[in-house]
Amino acid sequence: MKRKHSLVLVPLLGLSMALTACGDDSDSGSDSGSDSGGGGEAAGKIGVILPDTESSVRWESADRPALEAAFDEAGVDYDIQNAEGDAERMTQIADTMIGDGVTVLAIVNLDSESGAAIQEKAASQGVATIDYDRLTLGGSAEYYVSFDNTVVGELQGQGLADCLGDKKANIVYLNGSPTDNNATLFSEGAHSVLDEISNYTVVGEQAVPDWDNEEAATIFQQLYTAADGKVDGVLAANDGLAGAAISILEGNGQAGKVPVTGQDATVEGLQNVLAGTQCMTVYKSATQEAGALADAAIALVNGDEAETTGTTEDSEGGRDVPSILLEPQSITKDNVGDVIEDGGQKAEDVCTGDFADLCAEAGIS
Ligand code: BGC
């Protein structure tokens, strides 16, 4: 799954690689979690603000290294920071980045309101913005780079249906943060599949504020108790929420008996899939997403238009946002190896301890 570069980027990449080979690279990671590098094309600098470290391990373990690799490959200067779940902090980081002269600012918003304010300020300073992964409703980003998030939800719904079969089943939904537009799309996608199956009944559904995994366990426990323990399937929006549900199911002797969905193909998620406590996860290649962001950002730096896959409606802002939407992949026990082959995780991280045998059984080495 190699990402495609737009034609305009080919000469640029050749040049940047030559410059990098000359030792012009100036990586300077620091304890504050910031990282800057590149230096091949002095023309611009790209700032990226990741949302947090807790709602999913993906941001630091998958996105950051993939973004660094994509920007390094393109030979562009960059600064990647993490807002640690604090919208005020994200605003401050954005201000600093704008002050430092970034040409393009990409954010994974913590909520649309603060995201839109950041984008408005950036625009007033002549800084172009990109929505990375999450659409900022009412925002002004030039591009939206993500996966097709409705399809993510559909894959989760279909995955759960495949695990449950068409028997009568009570389903609990553990949705993502109400401030994350993606969470709305995941839930809509899942409902569009599961609501069609008349044998299924929704016996509980709740959004988890900030995707907080600990709170998810409390919420799931409450929903489980309210349903009198009669829960046959769990639509959990990502691997972190899945882990929370699985811990409660474990306490009730139900782990592995009640299928649970997930997303992000994290190490823990893949291990749960191999162990059979999680029915599926959704793999979204960070290399692809970061590559698409780098392409769009560099197009903006150069005053070019990025190649898009279409537009996404921002119902709040009443505009169609030029978008690059990638294709997510459903992962079950049968194809965990695909994630590893694609470089999404390393076998040595997934196949530790007790999981070594399960990996061997699944043909992963
Ligand atoms: C992302 C997911 C992630 C979640 C929590 C969503 O916007 O698309 O991949 O698990 O946020 O960080």
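1. Helices (H or I, at least four residues) and strands (E, at least two) are DSSP runs, numbered from the N terminus. The buried residues of α4 are Ser112, Ser114, Gly115, Ala116, Ile118, Gln119 and Ala122. Buried means under 20% relative accessible area, exposed over 50%, and partly exposed in between (1.4 Å probe, protein chains only).

2. Before going on, please keep in mind that this is a predicted model, where local features need pLDDT of at least 70 and side-chain atom pairs count only at pLDDT 80 or more, while totals for chains, interfaces and linings use all residues. Residues are numbered from 1 along each chain as its sequence is written, and side-chain values use heavy atoms, with hydrogens and water left out.

3. Now for the length and ends of α4. At the start of α4, a side-chain oxygen of Asp111 comes to within 3.1 Å of the backbone nitrogen of Glu113. This is a polar contact: a pair of N or O atoms within 3.5 Å, where, within protein, one must be able to donate a hydrogen and the other to accept it, and residues adjacent in sequence count only if both atoms are side-chain atoms. After α4 comes Gly126, with a positive phi near 75 degrees.

4. Because eleven of its 14 residues are buried, α6 is largely enclosed by the rest of the structure. Among those buried are Asn181, Phe186, Gly189 and His191. Their cover includes β6, α5 (149–164), β7 (169–175), β8 (200–207) and β9. At the start of α6, a side-chain oxygen of Asp180 reaches to within 2.8 Å of the backbone nitrogen of Asn182.

5. What about the whole protein? There are 13 helices and 13 strands. Buried residues make up 54% of the 365 residues. Among contacts between residues at least 6 apart in sequence, 72% join residues at least 24 apart.

6. Next, the spaces. On a 1 Å grid over the protein atoms alone, a cavity is a set of points where a 1.4 Å probe fits but cannot get out, and a pocket is an open set with protein on both sides within 12 Å along at least five of seven lines; lining residues have an atom within 4 Å of a point. The largest pocket holds about 480 Å³ of space. It is lined by 27 residues, and Asp52, Glu54, Ser55, Asp210 and Trp211 lie nearest its centre. Helices α7 (213–226) and α8 (239–251) each supply at least two residues of this lining.

7. There are also three cavities of 30 Å³ or more. The largest cavity has a volume of about 100 Å³. Of the 14 residues lining the largest cavity, Trp59, Arg134, Trp211, Asn238 and Asp264 are closest to its centre. Helices α2 (58–74) and α6 (181–194) each give at least two residues to that lining.

8. Two aspartates deserve a look. Most residues other than glycine have a negative phi. Asp228, however, has a positive phi near 60 degrees, and Asp264 has one near 110 degrees. Asp228 lies in the loop between α7 and β9 (233–236) and is exposed, with a relative accessible area of 59%. Asp264 lies in the loop between α8 and α9 and is buried, at 14%.

9. Is Thr261 buried or exposed? Thr261 counts as buried, because its relative accessibility is 0%. This residue sits in the loop between α8 and α9 (267–275). Its side chain reaches the backbone oxygen of Ala236 at 2.8 Å. Beyond its neighbours within four places in sequence, Thr261 is in contact with residues including Gln156, Leu160, Asn238 and Met280.

10. Finally, Glu142 lies in the loop between β5 and β6 (143–147). With 34% relative accessibility, Glu142 is partly exposed.

Note on methods: Grid points are joined across faces, edges and corners, and a volume is the space filled by probe spheres set on the points. Contact means heavy atoms within 4.5 Å.
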